[in-house]
Amino acid sequence: MEQRKKDEYRNKYKVISSVIKLALLAFILIAVPAYIYFFHHELLEDMANLRNIEAWLLQYKAQSALVYIAAQIIQIIICIIPGQALQIAAGYLYGFWLAYLLSLVGALLGSVAVFYIARILGHDALHILFGERKITEMLDNMNSKRGMIIVFIIFLIPGIPKDLCSYAAGLSKIHLKPYLIISLIARSPGMMCSIAIGKQVMDGQYTSAIVIAAIVAILFVIGLIFKDKVIHILDKAYDKLIGM
């Protein structure tokens, strides 16, 4: 009888725990974005306006770098917030290399946060929010030998939604360290391009901005042509990272 009561208690605890986890994840992924979109849509417009971002960061003076990092983290967790204009403004305010360093730090901390949010809150909540089929397919791909290749490609190509990939990575068998290394490497070209182009455009050097964009496009095409070699290199790199 006592064992039965203990089992019932455990089952109730699991149910309550699952409901709480679902509520927390729904709050992060649905409630907060919906609240921002419907009640503070001006925030999204401000985060897409370079001058507004510049003025917002400048008001924090010496602390603006920390504020920028925090904004990068929040932008990764709350996917509705645009991030490209934020990086462009950073290039103008901090210069290329400092802006790139700050962006890397923000992306690193944001990726760690998303990874563990998904891992702690669990599979069931994401199944409900994103659909079991989508999550299952994503996890099957990520848990395969080529999982890190998929992560690399998703983060490398601009315009592909990365939020589902980030949360799915936390549920997969992918190790945190190689995931962070591969995702940050893949983020870097787009990040560097935004920072560099923004710096040139806001300085009035439009020709330089066009040249930078053209170089990035050419490198991207070269990457597609030699994708098999890139995949082979990434496979070997992943095996080494796992062994570290």
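This is a short walk through one predicted model, from the whole chain down to a few residues.

I'll start with the overall make-up. The protein chain has 13 helices and 0 strands. Of the 244 residues in the chain, 39% are buried. The chain exposes about 14,100 Å², and 67% of that area comes from carbon and sulfur atoms. On contacts: take those between residues at least 6 apart in sequence, and 75% of them join residues at least 24 apart.

Next, confidence. The mean pLDDT of the chain is 75, and 62% of the residues reach 70 or more. Among the elements, helix α4, residues 64-77, has the highest mean, at 90. Helix α13, residues 227-243, has the lowest, at 59. Where pLDDT is low, the predicted coordinates should not be read in detail.

Which of its residues are buried?

Is Ser103 buried or exposed? Ser103 is buried, and its relative accessible area is 0%; the cut-off for buried is under 20%. The side chain of Ser103 reaches the backbone oxygen of Ala99 at 2.7 Å. What else does Ser103 touch, leaving aside neighbours within four places in sequence? Its contacts are Tyr68, Gln72, Gln87, Met191 and Ile195.

Last, the aromatic residues. A search of the whole structure finds 7 aromatic pairs. One of them is Phe115 with Tyr116, an edge-to-face pair. A pair of aromatic rings is described by the distance of the centres and the angle of the planes. For Phe115 and Tyr116, those values are 5.6 Å centre to centre and 80° between the planes. The angle counts as edge-to-face because it is over 60 degrees. How exposed are the two partners? Phe115 is buried, with a relative accessible area of 1%, whereas Tyr116 is partly exposed, at 37%. There is also an aromatic cluster, made up of Phe96, Trp97 and Tyr100.

That is the end of the tour.

Conventions
Residues numbered from 1 in each chain as written. Heavy atoms only, no water. pLDDT = per-residue confidence, 0-100. Helix = DSSP H or I, 4+ residues; strand = E, 2+ residues; numbered from the N terminus. Buried < 20%, exposed > 50% of the residue type's maximum accessible area, 1.4 Å probe, protein only. Polar contact = N/O pair within 3.5 Å; in protein donor to acceptor, adjacent residues only side chain to side chain. Contact = heavy atoms within 4.5 Å. Areas by Shrake-Rupley, 256 points an atom, 1.4 Å probe, with all protein chains shown as cover. Phe/Tyr/Trp six-rings, centres within 6.5 Å; stacked < 30°, edge-to-face > 60°.
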